[in-house]
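Subject: Handing over a structure, with notes

Dear colleague,

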Amino acid sequence: MATVAPDRLFGKSIKRREDPRFITGQGRYVDDLKLPGMTYAAFVRSPHAHARIRKIDTAAAARHPGVVAVFTGKDMTGVNSLPCGWDLRKAKNIPGVVQDLAIVPHMPLTSDAARHVGDPVAVVIADSQEAAIDAAEKVQVDWEPLPAVTVTERAAQSGAPQLHADAPGNVAFKWEIGDRNATDAAFKGAAMTVKKRIVNQRLVANAMEPRACVARYEDATGDLTLWVTSQNPHVHRLLMCAFVLGIPEHKVRVIAPDVGGGFGSKIFLYNEEVICSWASRRLKRPVRWTATRREAYLTDAHGRDHVTDAEIALSRDGKILGLRVKTTANLGAYLSTFAPAVPTFLYGTLLNGVYTIGAIHCEVTGVFSNTTAVDAYRGAGRPEACYAIERIVEAGARGLGMDVAELRKKNFIPKFSGAYQTHVAVSYDSGDYGAAWDRMLQMLDYKKFRAEQEAARKQGRLLGIGFSAYIEACSIAPSKLVGALGAGAGLYESGKVRVHPTGMVTVFTGSHSHGQGHETTFAQLVADKLGIPIEQVDIVHGDTGSVAFGMGTYGSRSASVGGTAILMSLNKVIEKGKKIAAHLLEASPGDIDFSGGEFRVKGAPGKAVPFGAVSLTAYVPHNYPEGLEPGLEETSFYDPSNFCFPFGAHACVVEVERETGNVRILRYLAVDDVGNVINPMIVDGMVHGGIAQGVGQALWEGAVYDGQSGQLMTGSMMDYALPKADMLPMYETDRTVTPTPVNPMGVKGAGETGTIASPPAVVNAVVDALAPLGVDHIEAMPLTAERVWKIIQGAKGAR
Amino acid sequence: MYPAAFEYHAPTSVKEALGLLGKLKDDAKLLAGGHSLIPMMKLRLAQPKHLIDLRKVAGLTGIKQDGNSLAFGAMTTHWEVESSALVKSKLAVLSEVAALIGDPAVRNRGTIGGSLAHADPAADYPAAMIALGAEMVCEGAKGRRTVKVDDWFKGLMTTAVGEEEILVEVRVPVLPASTGAAYLKFPHPASRFAVVGVAAAVTLDSKGVCSKASVGVTGAGTKAVRAKGVEAGCSGKKLDAAAIEAAASKAAEGVDVQADLQGSVEYKSHLCRVFAKRAITEAVKRAGG
């Protein structure tokens, strides 16, 4: 496909069309739904991290006024385990990849044992939310508490409490990628090797809107409608119907209306929506559930949680000869929907970074523990890869005594377009890593900064700079490849364009907007392509009742995959429109041009018919081409030929307060290359938000479990520190533009770049700030003031 | 996030409120803004059967000067303290403290009496009240009594208020001449509560020597306390940097520092010393030193 020339609205910062309804309180969220006969669910959850269930007594709860039903796992006969949608055992023919996987049962209501705090064991359904919650407190569970393991490094050690009979030693999988022998050889021949322990802590997504669902079964028709906070309603429907409940897919409609953020946590099929759907069928009444923030902390899939030993081999002049990575990934108590893919194919395949590396080998062990399940969280595997590389590269440079910027520059993959084959299976699409890097250094004025730093150090101030040259993989595809990696689904997208008789357009996209602004971005594409005002375009998403089967939004895939599917349908509309116009203008279809909203006869000025006249003719086909179907509606499914690989260069300047260890960010610079940009303001917003989340990980956020009791200690916003506006600097951003050859618009994806790039930039900056004290590495995040203060206290140069 | 069922009462006089309290006793909690109690009830950590809302009780709001003190009605919101011209002119430090509490939503609902009666160990007011030598006026069936701040905080979220008494007024002496006061805290990045907060009031004599220092510490322990060692270290000294540092080194003495997610004993003790130093330094500067 040829590259489309950016024209009218493509590249313009159109204000988000969805915002007026959001900022005036007129969004329609799941919890806003009111249905006649509604019932309300409250879940009884385990207070223990690990405990056998001896007996559950529901009698008192059932007698509570207003209670409609109380169910435990034993009532849910015929209901299957929540499925794992990525089976590593099925991965095949990927050079260097070794894998297996223990698939363990994950019942919607557990009957034998609870395996993490918050694990649901019963549900109370009542006429009011209050009655459901009050009655849930009356459910008596006879617990036999068991020892728990929550710490990543301990989960697979001998003697650790065992979670699942099917996963001996709590090992979910062992996975390898790369070339072990070549890597060993590279390390043997290296002038210098540096090995560091690098911990990527567990995070909680914290979408602004908690998860919620309403299930309504209609007995008369056998139809079930599920409104759910989902990033991918078709996937929700498929998994729930085909794998868990065994109900006919065509009798189920899943609607994800306005959804207030996801960051990945709303991709997955969760216990609660399955239970509410099942209960609605059983009770023949609508059942509603909305998570409290406490439930969100305890049950939304968590992110990250890696412990990694990373090792870099360098030549004396700073060439990267080899990279060796051994990671333990904590998957939590159960396998969440796509959990096995995140620390494997979304992680190990990114370890080549933006560098020419001699050889790479990576081993990952996935372990179960008595913690909330871990799955994709903004970036999903790629932030962990970027963090490991960008930290070990700086450690390597320090080991060699070489400037961290110079070492990177020495190793960048030279500019290319088409294909760069990495050592870890994937092939990059296009890149010009040095250009983004140089632009960032220019904005920074690196030499000047180093001079300022030198002066500051003389005054005893701890000023530091850290970098991150990142790569990200988005719009994962093609389906055939992801199938070969073990995915249970394809990764294409659907886009249907319905032109109405009056020339108004409704687009049905399989992508789902929960903050991304599709109603604006996609409308820009349509308005441009059809030459009509943007007001004539509506974007519909999130409803399996009207949208063709789609895969949804995650992994920065909406513009590149969802947008291209829409573009394909627009091309079909125009092709058909040309036939109609040719008939009306008494010309041959081959002689018709379409631009500016008009079909024109080439070389015959004045012989033209507007788009609206053609659409009307399509639906009132009195004067119409012989043999052509009436109507103007086209559907396309786009399955890309490859991933897209955005990249960029970030830098962070910090000052550490010696007395308290408090880290203050003085400057944050980001030069991103996400290919062509449809709406710069929306992309800027994504970059800003992503950086905030990444800085949050670096400095403040972290899910902390008590090592003994297994309780989540950071289970509220009073304890889990999300970044606030006044904790962040004004960002200095720019872009370079390297279009991808993969899709016709040349767009790559922008949703996750900030969370991927920023943690290593911030941590590297703190290491640099503390360098005069003799600090050359920091193992764990977040860099809370206390952690930094203790590092300062322990540093040899501090006294 | 639904609290357990409770009965709501909205008396309009202190007498009526005391009557309810006398009748309902332990089953009742007083509601004075609700930015601590309501979240605890939503989490069902607190499940009072009755709530006695003081919102409509006459005479519990407003700030007035009464002799050498400012008198704050217990239901005066943090925002009223923060924005009051009277407070800014007579006790500017208290306006600064109020401005550090929570966020605007909290400050528009939360009250000075509610905060001091709740006695959260990480609240901001307690340290300032200690440094400023405040008095709490409690009213019961037998009338009013005044409790000095040093006798007020009894332990974790417990105060000297009687079971059938209501804190109705907080009296804070205006700053004497040649006195500077400051409150500085290390806020928790999530809650913005004080991991450690130190308030200091320092009076200098004509030679610039400290004639009186009053220092309160909040956040580190189970209750806010007076840092007597620091006060003694300041008194009679010319407070240069070295003297302040030496005095501040006693800031964690007498504090039952608790290790928790907010910090270890070692770190919080250190922060007590750092923030004592900073608060005293600022107070001395403001005193004209």
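How many residues does the contact take from chain A and how many from chain B? It takes 19 residues from chain A and 14 residues from chain B, where two residues are in contact if their C-beta atoms, placed from the backbone, lie within 7 Å. On the side of chain A that touches chain B, the elements that give two or more residues are α3 (129-136) and α19 of chain A, and the largest share, four residues, comes from α3(A). Helices here (H or I, at least four residues) and strands (E, at least two) are DSSP runs, numbered from the N terminus. By class, this side of chain A divides into 10 nonpolar, three polar and six charged residues; Ala, Val, Leu, Ile, Met, Phe, Trp, Tyr, Cys and Pro count as nonpolar, Asp, Glu, Lys and Arg as charged, and the others, Gly among them, as polar.

Before going further, please note the conventions. This is a predicted model, in which local features need pLDDT of at least 70 and side-chain atom pairs count only at pLDDT 80 or more, while totals for chains, interfaces and linings use all residues. Residues are numbered from 1 along each chain as its sequence is written, and chains are lettered from A and ligands numbered from 1 in the order in which they are written.

As for confidence, the mean pLDDT of chain A is 96, and 99% of its residues reach 70 or more, pLDDT being the predictor's confidence in each residue, from 0 to 100. Over residues 1-6 of chain A, however, the pLDDT is below 50, and beyond near neighbours in sequence this stretch has nine contacts in the model. Where pLDDT is low, the predicted coordinates should not be read in detail.

Chain A is divided into domain 1 (19-25 + 492-638), domain 2 (33-146 + 208-261 + 266-299) and domain 3 (302-412 + 426-477 + 642-798), with domain bounds that come from an automatic or database domain assignment. The centres of domain 2 and domain 3 of chain A, taken over C-alpha atoms, are separated by 35 Å, and 24 residues of domain 2 are in contact with 24 residues of domain 3 in this chain. Helix α8 (residues 293-299) of chain A gives the most to the domain 2 side of that contact, with five residues, and the side as a whole has 14 nonpolar, six polar and four charged residues.

Leaving aside residues up to four places away in sequence, Thr365(A) touches Ala156(A), Val171(A), Lys174(A) and Thr328(A). Thr365(A) and Lys326(A) are 39 residues apart in sequence and 8.2 Å apart in space, C-alpha to C-alpha.

Lys284(A) lies in the loop between α7 (271-283) and β12 (287-290) and is partly exposed, because it has 13 C-beta neighbours inside 10 Å. Glu586(A) lies in the loop between α15 (558-585) and β22 (592-595) and is exposed, with 8 other C-beta atoms within 10 Å.

There are also cis peptide bonds to look at. The bond from Ala477(A) to Pro478(A) is cis, with omega near -5 degrees, and Pro478(A) lies in the loop between β18 (462-471) and α13 (479-485). Another cis bond joins Met781(A) and Pro782(A), with omega about -5 degrees, and Pro782(A) is placed in the loop between α18 (753-770) and α19 (785-794).

Turning to chain B, you will find 11 helices and 14 strands. Buried residues make up 52% of its 289 residues, and its C-alpha trace spans about 60 × 45 × 30 Å along the principal axes. Chain B is divided into domain 1 (7-52), domain 2 (63-173) and domain 3 (179-286).

With best regards

Key: A residue is buried if 20 or more other C-beta atoms lie within 10 Å of its own, exposed if 12 or fewer, and partly exposed in between; C-beta atoms are placed from the backbone.
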